[in-house]
Amino acid sequence: PEVYCNMSLSSASNVFLSLLCFIALSFCLIPFVSCSAGDSSKKFKACVKECITREESPEFHPWLWNLNDECKYRCMWDIEVQRTIEGAKEPLKYFGKWPFLRLFHFQEFFSSLFSLFNIIPHVYVLLQMWELSLNLDIVYGDGEKSSKQMGDQDSGAINEELKRQKWLHSVWRGYAFSAINAWLWSFMFHARDTFFTERMDYFSACFTILYGTYAAFVTIVYPRKPQPAAFNIFLVVILFFARHIYHMHFVKFDYGYNMSVNIALSMGFTIMWIVYAVKKRKQHRSAWKFTIASLGLVLASALEIFDFPPMHDLVDAHALWHLATPPLCYLFYEALLDVVMKRDFVVQSVKSRKDE
């Protein structure tokens with residue numbers, strides 16, 4: 001049975017790694033361009049030029065559409081309506097995006113809306129960690145009682161566990177706040193694509209993925225207590241991010257390079273949690289959630305690969321990707337709270353203390 005189990009795990013690992021390689025290679029095939037067939041056509045350029053000379057500036061509204069933007073939007077749809085009449089089966093892309101109908105002045109209404117959905121699991125875990133942190137001193141504060149309850153006579157080990165749990169809370173609170181910031185910028189970018197919102201969206205997303213990989217690494221590699229090396233690794237993370245921002249902003253805003261960095265970091269994050277889940281599967285009943293969440297995020301990324309025109313000119317593959325990620329993030333956080341932060345133990349300990 002042990003040999004069979006090892007073979008099964010090995011086979012599963014091979015399948016999973018093959019899937020990751022397929023995702024990564026598929027992303028490499030995506031053309032990262034700033035212009036597309038639609039906006040580079042002579043017809044579109046002529047239409048925009050004529051519109052600007054003919055029209056007046058639009059009235060003020062929340063997302064600050066100017067005359068140039070308004071003309072681009074009108075010309076895009078004038079051309080697409082004409083192409084549909086002529087029998088075109090698929091719309092052209094403009095500035096790297098499919099044509100979307102503006103809804104409530106939002107360029108991509110559903111991508112913006114689903115970006116807000118992604119904030120919910122991060123707020124949830126912050127509230128859960130806040131509640132757990134209030135009970136940490138109760139559970140671990142009395143070394144003698146805690147050591148008896150945990151079956152460990154060494155009160156020093158209990159104090160070390162208290163330090164570790166507080167440190168882990170601070171690390172993952174940082175990740176949750178980083179993710180909330182990233183999804184807020186995603187909301188604004190999809191609502192109104194400008195030079196500033198694009199960069200804030202890309203940079204915030206990259207930092208969140210980078211920080212998440214760091215958080216996973218120090219959580220798994222330093223299982224006992226925070227080490228000085230963990231702080232040094234964080235400095236490396238900051239320096240790498242600063243170098244990434246410099247390259248993207250001052251050298252070249254390279255979509256392909258940015259995507260490659262994000263894919264590499266995401267693959268590292270996913271592999272670490274899969275391996276961790278396999279190791280913890282016997283000790284913790286919730287460890288499987290890490291595997292499902294990680295695999296689900298990999299599969300959801302296929303929506304970014306197999307792109308398709310927006311349904312009803314409103315919902316495209318990218319919007320559906322945003323819709324798929326909140327429940328997976330929630331599942332990941334449930335595993336983190338149960339396995340890493342020992343939520344059940346803390347809750348039961350507090351309850352038993354109150355009953356004494």
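Follow the chain along its sequence and the pattern reads α-α-α-α-α-α-α-α-α-α-α-α-α-α. That comes to 14 helices and 0 strands, where helices are DSSP runs of H or I with at least four residues, strands are E runs of at least two, and numbering starts at the N terminus. Keep in mind that this is a predicted model, with local features needing pLDDT of at least 70, side-chain atom pairs counting only at pLDDT 80 or more, and totals for chains, interfaces and linings using all residues. Residues are numbered from 1 along each chain as its sequence is written, and side-chain values use heavy atoms, with hydrogens and water left out.

Of the 356 residues in the chain, 43% are buried (under 20% relative accessible area, 1.4 Å probe, protein chains only). The chain exposes about 19300 Å², and carbon and sulfur atoms supply 65% of that (Shrake-Rupley method, 1.4 Å probe). Among contacts (heavy atoms within 4.5 Å) with a separation of 6 or more, 73% join residues 24 or more positions apart.

The axes of helix 8 (residues 195-221) and helix 10 (residues 255-280) come within 9 Å and cross at roughly 25°; axes are lines fitted to C-alpha atoms over the stretch in contact, with angles from 0 to 180 degrees between N-to-C directions. Helix 8 is therefore roughly parallel to helix 10 (angles under 35 degrees). Residues making the contact include Y202, L210 and F217 of helix 8 and L265, F269 and W273 of helix 10. By class, this contact has 14 nonpolar, 6 polar and 1 charged residues, with Asp, Glu, Lys and Arg counted as charged, Ala, Val, Leu, Ile, Met, Phe, Trp, Tyr, Cys and Pro as nonpolar, and the others, Gly among them, as polar.

How values were computed
Parallel < 35°, antiparallel > 145°, perpendicular 65-115°, else oblique. Buried < 20%, exposed > 50% of the residue type's maximum accessible area, 1.4 Å probe, protein only.
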